[in-house]
Amino acid sequence: MKITIVGAGAIGGYLGARLSAAGEQVSFIARGRNLAAIRERGFRLILEDGSELAAPEARAFERTEEAGPQDVVVLAVKAHQVADLLPGLPALLAPHTSVVTMINGVPWWYFHKLAGPYEGRRLESVDPGGRIAAAIAPERVIGGIVYPAAELVEPGLVRVVEGNRFSIGEPDGSRSERVEALAQVLMRAGFKAPVARDIRAELWVKLWGNLCFNPISALTHATLQDICRFGPTRTLAAAAMAEAQAVAEALGVRFRITLEQRLAGAEAVGAHKTSMLQDVEHGRALELEALVGAVAELGRIVERPTPTVDALHALASLLARTLAAHQGRLALQPA
């Protein structure tokens with residue numbers, strides 16, 4: 001299978017390297033030192049047990065035109081980066097090409113083939129002006145949920161922290177030939193790749209934590225363990241999660257775990273810094289709209305109040321604006 005990974009970071013690198021090592025025709029779209037490293041020696045992984053997996057056959061291109069049409073295009077970038085990729089995407093798309101979204105948060109295609117009164121609606125928070133939906137036909141989309149944790153140690157080298165599960169699913173819940181074929185390819189590469197009957201329900205379980213833990217950690221510089229063990233922030237997180245649950249249930253989602261179970265799961269992760277806190281520390285753009293703003297927008301659509309989510313979104317948005325204005329970053333330093 002010809003597969004291009006757009007976003008050769010931690011998750012994209014993990015996916016692409018294992019797929020390439022398993023014999024798939026993998027290309028990365030990369031830039032700078034990452035591009036040079038992959039071209040020189042392929043992509044490498046340090047696995048959970050400390051062993052190394054090399055994928056010397058993996059190719060890398062700066063321009064999508066060099067890679068050409070693919071069977072599958074995997075978008076392994078942050079949600080706010082997708083719009084910037086649109087000019088180059090057509091070069092990767094043949095009539096049969098699937099686009100797999102390995103992106104956290106509420107996706108731009110959320111209402112595609114969602115049976116009910118909201119089918120076909122657009123989310124302005126994640127797709128301003130409808131640019132993404134216009135450039136990527138919704139029929140191409142396969143949803144994906146990322147569960148592993150990994151880090152880009154250096155250009156062309158990813159360390160896998162834990163996990164090997166990537167759930168995938170059609171927006172309409174069908175078990176199509178293409179989604180079954182993709183699941184088989186992922187499993188041959190050593191991943192767990194269940195085909196979800198309801199990809200949105202799985203998306204919400206992960207989003208349930210992200211929508212509160214990410215902004216709270218970015219604002220306080222606290223880890224998941226800190227947030228869950230400090231009474232006031234645990235209560236704050238629970239309030240935001242309760243609002244989000246009401247929104248999701250109004251959209252037909254049914255949660256299979258309780259709010260307290262989700263909080264306990266986050267606490268069990270320990271002293272982990274969320275991705276948004278890491279972005280604050282490194283001066284990178286914050287992934288706010290897909291994780292927080294879209295939940296507030298969905299609340300307005302289904303007429304469910306989200307005052308706590310709105311407050312977290314406002315505070316974190318001002319933080320992002322301030323950091324961008326000063327081209328700055330914030331990290332705790334010893335006094």
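Student: Which residues form one aromatic cluster with Tyr 14?

Tutor: Phe 166 and Phe 191 do. Keep in mind that this model is predicted.

Student: What lies over the face of Phe 191?

Tutor: Arg 18 does, at 5.9 Å from the ring centre. Tyr 147 has an arginine over its face too. That one is Arg 165, at 4.4 Å from the ring centre.

Student: How many aromatic pairs does a search of the whole structure find?

Tutor: It finds 7. One of them joins Tyr 110 and Phe 111.

Student: How are those two rings set, Tyr 110 and Phe 111?

Tutor: Edge-to-face. The centres are 5.4 Å apart, with 85° between the planes.

Student: Is Tyr 110 buried or exposed?

Tutor: Buried, because its relative accessibility is 1% and the cut-off is under 20%. Phe 111 is buried as well, with a relative accessible area of 1%.

Student: Which ring does Trp 208 pair with?

Tutor: Phe 255. This pair is tilted, at 4.4 Å centre to centre and 40° between the planes.

Student: Where do Trp 208 and Phe 255 lie?

Tutor: Trp 208 is in helix H7. Phe 255 is in the loop between helix H9 (231–250) and helix H10 (259–269). So the pair ties together parts that are 47 residues apart in sequence.

Student: And Phe 255, buried or exposed?

Tutor: Phe 255 counts as buried, at 14% relative accessibility. Trp 208 counts as buried too, at 0%.

Student: New topic. How many cavities of 30 Å³ or more are there?

Tutor: The search of the whole structure finds 3.

Student: Which residues line the largest cavity?

Tutor: Among them are Ile 103, Asn 104, Gly 144, Val 146, Leu 203 and Lys 206. H7 gives the largest share of the lining, 4 residues. Strand E8 (141–146) also gives two or more.

Student: What classes are in that lining of the largest cavity?

Tutor: There are 5 nonpolar, 4 polar and 1 charged residues.

Student: What about the second largest pocket, how much space lies in it?

Tutor: About 480 Å³. Its lining has 28 residues. His 80, Leu 286, Glu 287, Leu 288 and Glu 289 lie nearest its centre.

Student: Which elements give two or more residues to that pocket's lining?

Tutor: Helices H4 (82–85), H5 (131–135), H12 (288–302) and H13 (307–325). By class, the lining has 17 nonpolar, 7 polar and 4 charged residues.

Student: Last one. What does the UniProt annotation say about residues 3–172?

Tutor: The unreviewed entry labels them "domain: Ketopantoate reductase N-terminal". That span is 21% helix and 34% strand. Its end C-alpha atoms lie 23 Å apart.

How values were computed
Residues numbered from 1 in each chain as written. Predicted model: local features only at pLDDT ≥ 70, side-chain atom pairs only at ≥ 80, totals over all residues. Heavy atoms only, no water. UniProt positions renumbered as here; feature names shortened; annotations may be inferred. 1 Å grid on protein atoms, 1.4 Å probe; cavity = no way out; pocket = protein on both sides within 12 Å on 5 of 7 lines; lining within 4 Å. Points joined across faces, edges and corners; volume = space filled by probe spheres on them. Nonpolar A, V, L, I, M, F, W, Y, C, P; charged D, E, K, R; others polar. Phe/Tyr/Trp six-rings, centres within 6.5 Å; stacked < 30°, edge-to-face > 60°. Buried < 20%, exposed > 50% of the residue type's maximum accessible area, 1.4 Å probe, protein only. Lys NZ or Arg CZ within 6 Å of the ring centre and 35° of its normal.
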